[in-house]
Amino acid sequence: MEDNDEEQAMSKLTKRANKIQIDDRDVNEWEQVQSAFFEHYYPHTTSRFSKESKSTTSGSGNNPPPPTLFSDTFCDGTTVLCGFAGGTCMALDINRLSSDEVVLNAQTSWKHSGLTCLRCSRVSPFIFFSSSTDGTIRLWDIREQVRTPSQKFALDDSTSTNKSTKTSEKTHKKPILQFDVSSNDQLVCGGTELVQEDSYLLFWDVRSGKLLGGYCESHSDDVTAVRFHPHQNHCLASGSTDGLLNTFNLLETTEDDALQYSFNTNSSVDSIHWASSATSDSLVTCVTHTNEVQVWDAITGDRIAEINRKLLAETMMRSNPEAVYISSCHSLDTKGVGLVTCSLSGGNTRLIELNNDMKPVPRGLFMDHNAVVQTAEFLPKVRQWITFDEDGIIKLWQLQAPSSTEKKQNRSKNVSSGEKRIKRFKPYNLG
């Protein structure tokens, strides 16, 4: 009887889900889409995450894995770090991926409850970092048999005495939402949630684990993005839900002097990526929570480009701007930037390139891909992509069928209408 009730409930949910359909489709014939996107990627291997069941009588397949929320690539270029809802982390060697299940258990993974961000070491292929809402950043060594952090970076949570009231106060916990590690692995910076009336950028020395200090006046809301320059360790960019995108020179001794530019995005910052072009190697690419892209020059303070969802949909050759979204942002093998874009209608995963002029142009198609991508990583050493879908599928993609030079030259014709921008409501007015 219980089985029948469960089947009926599932049937109702399925029917309800089928009614929720997003109207999004290609605006060109498929042959034209294939011609415009001159790189075609096909699955090289397909695997599935499977969480080990606590039951001794049931298999792992009866216990679906949590969604993959975070990913990063180790400096060896063939190992990918991924993090899941619930705080589990796992390192995957792409050379060992097969069609078998990848089982998550205590022997093959690391645990940091309240996980908010992951970063691989820029120097060592065995070290990675994780941050959490518990206010800590932890350093892990994948060679260690014991699954405990090798180092922990945190505020001193010891009690301090307020001399005026003769009472003891405990330091408020500052949940870390985003962080990054400098390219020489010597400095780690964590951005916090808004605590009382302040949000913080906190700095630690990686070698000693000592807190070096922090900034507390540059943002007025949750810090949602932190990125060091890939080659200049003293350059840092941060973004927040307050709509500000800030760049800092950490060689300065005070926060006021360190703050170089404070760009008003008129939105909420989701992620930051440093980029290069033919004219500058200090461009800051910002993806907002409304899936729009802005590019700023960190040297001159100029806004180089602004790509709204209408232009993004036109470049993807899709019909519904409200359905498209940006999964992740990457450095490619050129000076341009790559955006892995998808559709909420399912699949249609495509690679959009921001060229040297920071204009979006079609580049790659992920062929026969019908799932919604949670996160993706580019592996430049092997020229492959790895994607993590919302249903626990891992796919390693290989370039198989690049088109002719003529097709590559014609790719810009499909986005000529992108010069026409539309105005939209700006939820933030920060002056």
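Predicted model: local features only at pLDDT ≥ 70, side-chain atom pairs only at ≥ 80, totals over all residues.

Tutor: Trp 385 counts as buried, because its relative accessibility is 0%. Buried means under 20% relative accessible area, exposed means over 50%, and partly exposed lies in between (1.4 Å probe, protein chains only). Residues are numbered from 1 along each chain as its sequence is written, and side-chain values use heavy atoms, with hydrogens and water left out.

Now the ring partner. Phe 366 is buried too, because its relative accessibility is 4%. A search of the whole structure turns up 14 aromatic pairs. Rings of Phe, Tyr and Trp (its six-membered ring) pair if their centres lie within 6.5 Å; planes under 30 degrees apart are stacked, over 60 edge-to-face, and the rest tilted. Phe 366 and Trp 385 are edge-to-face, because their planes stand at 80°, with ring centres 6.0 Å apart. This pair links distant parts of the chain. Phe 366 belongs to strand E28 (residues 360-366), Trp 385 to strand E30 (residues 384-389), and 19 residues separate them. Helices (H or I, at least four residues) and strands (E, at least two) are DSSP runs, numbered from the N terminus.

Ring pairs join Phe 366 and Trp 385 with Tyr 41, Phe 378 and Trp 397 in a cluster.

Arg 383 lies in the loop between strand E29 (373-379) and E30. Its phi is near 55°, a positive value in a residue other than glycine. Most residues other than glycine have a negative phi. Arg 383 is partly exposed, because its relative accessible area is 33%. Asn 266 also has a phi near 55°. Its loop runs between strand E20 (259-264) and strand E21 (269-275). Asn 266 is buried, because its relative accessibility is 17%.

E28 leads on to a helix. The buried residues of H4 pack against E28, and also against strand E24 (303-307), E25, strand E26 (337-343) and strand E27 (350-354). H4 is largely enclosed by the rest of the structure, because seven of its eight residues are buried. These buried residues are Arg 309, Leu 311, Leu 312, Ala 313, Glu 314, Thr 315 and Met 316.

Ser 319 is found between helix H4 (309-316) and strand E25 (324-331). It is partly exposed, because its relative accessible area is 29%. Not counting residues up to four places away in sequence, Ser 319 touches Asp 23, Asp 24, Arg 25 and Val 27; contact means heavy atoms within 4.5 Å. Ser 319 and Val 27 are 292 residues apart in sequence, yet their C-alpha atoms are 5.7 Å apart in space.

Rings also meet charges here. A charge sits over a ring if NZ of Lys or CZ of Arg is within 6 Å of the ring centre and within 35 degrees of the ring normal. Arg 350 lies over the face of Phe 37, at 5.7 Å from the ring centre. The charged end of Arg 147 sits over the ring of Trp 110, 4.3 Å from its centre.

Last, the setting. The chain has five helices and 31 strands. Of its 431 residues, 50% count as buried. Among contacts between residues at least 6 apart in sequence, 50% join residues at least 24 apart. Mean pLDDT is 83, and 81% of residues reach 70 or more. Two segments call for care. Over residues 1-19 pLDDT stays under 50, and the model has zero contacts there beyond four places in sequence. Over residues 157-169 pLDDT also stays under 50, but the model has 12 such contacts.

Key. pLDDT = per-residue confidence, 0-100.
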